[in-house]
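Here is a short tour of some strand pairings, written to be read alongside the model. Have the viewer open and follow along strand by strand.

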Amino acid sequence: MTRLSARRASVFAGASLLALALATFPHDVRAEDAPKLPDATQTDPVVNSVMRGFPPSADKTVRFSDGSSGKFPGTRWAFSHIRELVPTANVWRGEGPVAQLPRAERDLDKIAVTTMDGKQITFGDMPALTYADGLLVLHKGKIVYEKYFGAGDAHRPHIAFSVTKSFVGTLAATLAAQGKLDPEARVVKYVPELKDSAYGDSTVRQVMDMTIGVKYSENYTDPKAEVFDYARAGGMVPQPPGYTGPKTFFEFLVTLQKEGEHDAAFAYKTSNAEVLAWIVKRTSGQSMADLLSQQIWQKLGAENDAYFMVDSIGTESGGGGLNTTLRDLARFGEMIRNKGRFNGQQIIPAEAVADIVKGGDKEKFAKAGYKTLPGWSYRDMWWQTRNENGAFEARGIYGQAIYIDPKAEMVIVRYASHPYAANGANDPVTLPAFAAVAKELMK
């Protein structure tokens with residue numbers, strides 16, 4: 001593994017003028033039309049001595065309370081240090097030995113990539129262009145590429161954001177395969193508290209596949225969007241003085257009202273993941289941290305404990321609060337690639353993985369209008385490319401990813417801290433780069 005070397009002068013103060021608190025990248029705006037941003041080296045927290053010193057200087061300090069941990073470029077440090085900023089719940093790795101990932105490193109940096117907008121780059125250009133904090137490629141279970149950048153480090157957990165949803169979806173699919181959860185049942189069978197909410201007449205399957213008609217906006221440019229109500233309730237952003245709104249995830253979810261019809265179209269809304277997490281916890285009788293530890297993390301031979309961000313009563317965020325190291329994320333992805341088998345054992349039922357990879361309804365997905373994801377679908381909180389290799393992905397804002405290509409026998413995991421939240425900002429570079437590596441590894 002290597003670390004991006006850089007010796008440029010510090011420009012942290014100047015870059016902060018371009019801070020974009022939870023900024024989104026609209027699906028109808030091309031990357032080249034976006035405002036000019038400082039490059040990855042200019043905002044590298046190590047190069048700029050962010051949070052260095054005892055105490056660090058005021059202009060290099062990142063805090064949760066003042067919002068700087070949620071603003072670029074403070075996010076470039078914060079995403080690798082969530083536990084130092086907010087309460088968390090531990091996901092124990094267990095007492096077993098670490099499942100070793102053999103190494104067979106290859107020089108992938110020179111692989112040619114043509115971006116969606118026709119630019120010619122290399123795979124080695126992609127990390128800086130997408131503000132990567134860590135990038136790892138597995139081929140046939142062996143590490144062929146592993147690099148860290150900025151505040152990223154092999155032994156430091158990084159927030160996975162909405163990649164968390166795919167973990168929750170995997171646990172739900174596992175419980176279904178075990179006969180403990182009925183996806184066709186009404187949500188209220190498991191969580192009657194939601195009877196007067198948008199979810200009162202929905203099924204678990206509709207929640208798992210995000211085809212719920214609920215008044216909940218994921219538009220990060222709208223300060224009145226429900227995503228901010230969700231984040232304040234869960235303690236994921238600071239609550240303002242005199243705040244009187246919901247103070248837990250549970251209190252927030254019961255307030256959501258129906259908008260439109262269920263099962264008419266795919267609509268990506270984090271509230272669905274939190275509802276599914278509630279269902280999973282209620283069905284299993286365990287917290288998300290304990291369930292993930294018992295069902296997967298201890299069996300995976302994880303190198304490190306993982307952890308979740310939690311609300312004021314210790315409830316884990318199932319929508320975006322998981323933090324793991326990059327290698328452990330790769331172990332999880334490799335387990336999914338191998339139909340639930342890893343570390344010498346069947347960790348989750350093969351039936352659960354089969355349900356994930358069969359994908360969802362492409363026509364319902366198309367209604368969401370993702371211009372960088374034509375022909376894709378969504379099932380069990382995983383994204384299916386529907387490409388010739390049958391690749392599928394777990395995706396999180398700011399560039400988090402588990403990309404699994406079954407035909408190429410490849411898993412790519414990336415943690416990042418892109419200035420823009422929505423992945424429309426980095427898909428034009430990322431998706432062609434991942435496909436190019438798959439093609440090379442298949443030679």
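Predicted model: local features only at pLDDT ≥ 70, side-chain atom pairs only at ≥ 80, totals over all residues.

**E5 with E16**
- Strand E16 covers residues 410–416 and runs antiparallel to E5, with seven bridges joining the two.
- To find this pairing on screen, look for Ala-132, whose bridge partner in E16 is Ala-416.

**E5 with E6**
- Strand E6, residues 142–148, also pairs with E5 in the antiparallel sense, here over six bridges.
- Gly-134 has Tyr-148 of E6 as its bridge partner.
- E5 and E6 form a hairpin with two residues between the strands, and Lys-140 in this hairpin takes a positive phi near 55°.

**The open sheet**
- An open sheet is built from four strands in the order E2-E8-E9-E7, with antiparallel pairing.
- E2 (88–91) and E7 (158–159) stand at the edges with a single partner strand each, which means that one side of each has no neighbour in the sheet.
- The pairing of E7 with strand E9 (residues 322–324) is antiparallel and has two bridges.
- Within this pairing, Ile-159 is found opposite Asn-323 of E9.

- Strands of a sheet pair through backbone hydrogen bonds, in either a parallel or an antiparallel way.

Note on methods: Residues numbered from 1 in each chain as written. Heavy atoms only, no water. Pairing = 2+ DSSP bridges.
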